[in-house]
Amino acid sequence: MTKKKIAIITGASSGFGVEFAKQIDQKLDLDEIWLIARRQEKLESTAKLLQNAKGVVIKADLSTSEGVNAIKNLLEKDQLEVKILINNAGFGRTEKFEDSDEEYNGSMIDVNIKAPVMLTRFTLPYMNSGSYIINVASSAAYAPLPYFSVYAATKAFLLSFSYSLKEELKSREISVTAVCPGPASTEFFKSLKDKKVDGLRIEDPIKIVRKAVRDSLRRKSVSIYSYEMNFLRVVSKLLPRKMLAYFSGKVKLPQ
Ligand SMILES: NC(=O)c1ccc[n+]([C@@H]2O[C@H](COP(=O)([O-])OP(=O)(O)OC[C@H]3O[C@@H](n4cnc5c(N)ncnc54)[C@H](OP(=O)(O)O)[C@@H]3O)[C@@H](O)[C@H]2O)c1
C-alpha cells in the first residue's frame with residue numbers, strides 16, 4: 001500500500017502559515033496538507049486556497065499537551081509519509097518583563113518552544129530521506145532583546161535547536177532550516193498599535209515565505225530575507241551579548 005505524502009503546518013490560520021500552505025502546495029507533490037491552529041474558520045479558508053493537495057483542518061491549541069498529542073494520535077492512525085514539517089505557530093508581545101503575565105509567558109514558551117520540539121519528535125519516524133523541517137524563528141533569535149525578552153529567548157532556542165538537529169539528521173538526509181524574519185505585515189504585527197520599528201522596513205510575508213521555501217528546498221541551515229536582518233546576524237557574531245543587549249534595548253519596539 002502506498003503511503004499518503006503529507007505536509008504539516010502549524011499556525012496555518014493566518015500570516016506566514018497561510019503563505020506556506022499556498023506555496024508548498026505549488027512546489028511539492030503532496031496528497032494532504034495538515035493545517036493546524038485554534039481558529040477553525042480561518043483554517044477552512046486556508047484549505048480552500050489549496051489547488052493541488054487536500055487541506056486537512058486540525059483545530060488544536062498548541063499551548064496544551066492535549067493539542068500537541070492530538071497530532072501524534074492522528075499520525076499513528078494512517079499510513080503516512082511526512083514530506084515537510086513547518087513549525088510556524090508562535091506569538092509574543094513587547095512589554096517590561098516585570099509587568100508581564102505569568103500565564104501568558106508560560107503559553108508563549110509552550111507554543112514557541114515545547115510544541116515544535118514535541119511535534120518534531122513525533123514526526124521524525126514518519127520522515128524519509130529527502131524530507132524537510134522548517135522552524136520559523138525570528139531575527140530576534142540573534143540578539144537579546146530587552147522588552148521582548150521571553151519572545152527573543154524562545155526564538156534563540158529554536159535557532160539553536162535547528163542547527164543541532166540539522167547535524168543529527170544529516171545521515172538521514174532530512175534537512176532543517178530555521179527561518180529568521182524581521183518585522184513583517186502579518187496579524188502578529190498588525191495587532192500592535194505602533195507599526196514601526198526604528199529604522200527597519202516592514203516586510204511582505206509572501207516574499208519572506210518564498211525565500212524560506214526556496215532555502216529549505218536547497219537544504220540551507222538558515223533563511224534570512226532582508227539585508228538589514230543579514231546585517232544584524234553578522235553584527236551579532238561580532239559584538240559581545242552584553243553590548244548587543246545594550247544597543248537593542250535602545251531600539252523603539254512597537255507596542
Ligand atoms: N510577523 C512578524 O513580524 C514576525 C517576525 C519574525 C518571526 N515571526 C514568527 O512567525 C511565526 C508566524 O507568525 P505570523 O507573523 O504569521 O503571525 P500571525 O499571523 O499572528 O500567526 C500566528 C499563528 O500562530 C497560531 N497560534 C498562536 N497561538 C497558537 C496556539 N496556542 N495553538 C495553535 N496555534 C497558535 C495562530 O493561530 P490561531 O490564533 O488560529 O490559533 C496563527 O495561525 C511566529 O512563530 C512568529 O513568532 C513573525
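Author: Helix H4, residues 102–123, packs against H5 at an angle of about 10 degrees, and the two axes lie 9 Å apart. Axes are lines fitted to C-alpha atoms, for helices over the stretch in contact, with angles from 0 to 180 degrees between N-to-C directions. H4 is therefore roughly parallel to H5, a term for angles under 35 degrees. Helices are DSSP runs of H or I with at least four residues, numbered from the N terminus.

This is a predicted model, in which local features need pLDDT of at least 70 and side-chain atom pairs count only at pLDDT 80 or more, while totals for chains, interfaces and linings use all residues. Residues are numbered from 1 along each chain as its sequence is written, and side-chain values use heavy atoms, without hydrogens and water.

In the contact (heavy atoms within 4.5 Å), H4 contributes residues including Asn105, Met108, Ile109 and Asn112, and H5 contributes residues including Val150, Tyr151, Thr154 and Lys155. By class, the residues of this contact are 11 nonpolar, four polar and one charged. Ala, Val, Leu, Ile, Met, Phe, Trp, Tyr, Cys and Pro count as nonpolar, Asp, Glu, Lys and Arg as charged, and the others, Gly among them, as polar.

H5 (149–168) also supplies at least two residues of the shell around the ligand, as do H1 (15–27) and H6 (187–190). H6 gives the most, with three residues. The ligand is surrounded by 31 residues, each with a heavy atom within 4 Å of it; Ser13, Arg38, Arg39, Tyr151 and Thr186 are the closest. The shell has 16 nonpolar, 10 polar and five charged residues.

A polar side-chain atom of Ser13 lies 2.7 Å from an oxygen atom of the ligand, and Arg38 has a polar side-chain atom 2.7 Å from a ligand oxygen atom.

Methods
A polar contact is a pair of N or O atoms within 3.5 Å; within protein, one must be able to donate a hydrogen and the other to accept it, and residues adjacent in sequence count only if both atoms are side-chain atoms. Angles under 35 degrees count as roughly parallel, over 145 as roughly antiparallel, 65 to 115 as roughly perpendicular and the rest as oblique.
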